Amino acid sequence: MSENQEAAATTETAAEAKSSGALKLHGLFAHKVGMTSVYDEQGNLTSVTILKFDPWFVSQIKTMKADGYEAVQIASSPKKAVLSSKSEKVRMKKAGFENGARFVKEIRGVVPEGATVGQKVDIASLIKGDVVKITSKSKGKGFQGSMKRHNFQGGPAAHGSKFHRQPGSSGNRTWPGRVMPGKKFPGHMGDENITVKSVRILEVLAEEGLLLVKGPVPGSKNTLVKLMKE
């Protein structure tokens with residue numbers, strides 16, 4: 001596809017979104033599906049992560065006057081009635097949900113003109129070639145030792161070292177007589193928010209609700225991923 005054709009396609013998509021009433025934001029949320037490889041226009045094989053974009057709807061408009069900051073709150077995936085509280089049902093009714101929503105998130109920043117509660121979020125908020133910042137929760141690896149958790153070298157495997165995978169000395173002398181905060185010890189590894197910058201959108205398949213981003217994305221299958229334009 002040439003640059004003129006690509007620009008025309010982008011203009012056409014924007015016109016369709018405007019006519020359908022969909023809202024464009026400077027970020028999206030999608031679920032991780034997995035990884036694969038695709039060929040680019042130059043014939044190079046590139047590793048990509050597939051993200052599934054489910055329908056999101058505006059559930060609240062936050063303003064500087066009422067909330068102290070500007071943001072668009074969006075919701076997705078309806079919950080069962082038995083799992084929704086009465087207040088949640090009332091609050092989500094304006095957004096078109098019969099009950100509550102499993103996912104309620106915010107896109108902070110200047111609220112787009114014409115944004116209203118119940119409006120559908122447009123997948124075309126991100127287009128091919130956009131550079132985004134990705135945030136998601138990494139895989140949890142449970143309790144791990146110092147070598148795996150902090151990439152320590154460890155002691156010799158033979159010749160009587162006797163501290164093969166142990167963390168080694170950690171204390172001080174009589175003063176201060178304690179372990180200093182931040183010492184790299186064994187502990188819980190993973191299961192934390194990781195942000196990866198300068199990730200390129202390689203393809204947006206609007207009909208299938210899929211986004212293809214270059215390279216790996218933190219987290220396991222079905223992890224909710226936040227994509228924000230840089």
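Analyst: Let's start in the middle. The largest nonpolar core has 29 residues, and Trp56, Ile74, Ile134, Leu211, Val213 and Leu227 are the ones with the most contacts inside it. By nonpolar core I mean a set of buried Ala, Val, Leu, Ile, Met, Phe, Trp, Tyr and Cys residues joined through side-chain atoms within 4.5 Å. Buried is under 20% relative accessible area, exposed is over 50%, and partly exposed lies in between (1.4 Å probe, protein chains only). At least two core residues each come from β1 (27-39), β3 (56-62), β4 (71-78), β5 (101-108), β6 (131-137), β9 (193-205), β10 (210-214) and β11 (224-229). The largest share, four residues, is supplied by β11. Strands (E, at least two residues) and helices (H or I, at least four) are DSSP runs, numbered from the N terminus.

A word on provenance: this is a predicted model, where local features need pLDDT of at least 70 and side-chain atom pairs count only at pLDDT 80 or more, while totals for chains, interfaces and linings use all residues. Residues are numbered from 1 along each chain as its sequence is written, and side-chain values use heavy atoms, with hydrogens and water left out.

Not counting residues up to four places away in sequence, Leu211 touches Leu28, Ala30, Thr49, Ile50, Leu51, Phe53, Ile123, Leu126, Glu203 and Val204; contact here means heavy atoms within 4.5 Å. There is also a second, separate core of five residues, including Ala75, Met92, Ala95 and Phe97.

Now the strands. Six of them close into a barrel in the order β1-β2-β10-β9-β6-β11, with antiparallel pairing; two strands pair if DSSP finds at least two bridges between them. Neighbouring strands in this sheet are turned by 50° against each other on average, direction ignored. Axes are lines fitted to C-alpha atoms, for helices over the stretch in contact, and angles run from 0 to 180 degrees between N-to-C directions.

β4 and β5 share seven bridges in the antiparallel sense, with Pro78 opposite Ala101 in β5.

Beyond its neighbours within four places in sequence, Glu88 contacts Lys79, Leu83, Asn99, Gly100 and Ala101.

Last, the rings. The whole structure holds two aromatic pairs. Phe29 and Trp56 have ring centres 5.6 Å apart and planes at 35°, so this pair is tilted; rings of Phe, Tyr and Trp (its six-membered ring) pair with centres within 6.5 Å, and planes under 30 degrees apart are stacked, over 60 edge-to-face, the rest tilted. That pair links β1 to β3, 27 residues apart, and both Phe29 and Trp56 are buried. Phe57 and Phe97 make an edge-to-face pair, 6.1 Å centre to centre with 85° between the planes. Phe57 is partly exposed at 25% relative accessible area, while Phe97 is buried at 8%.
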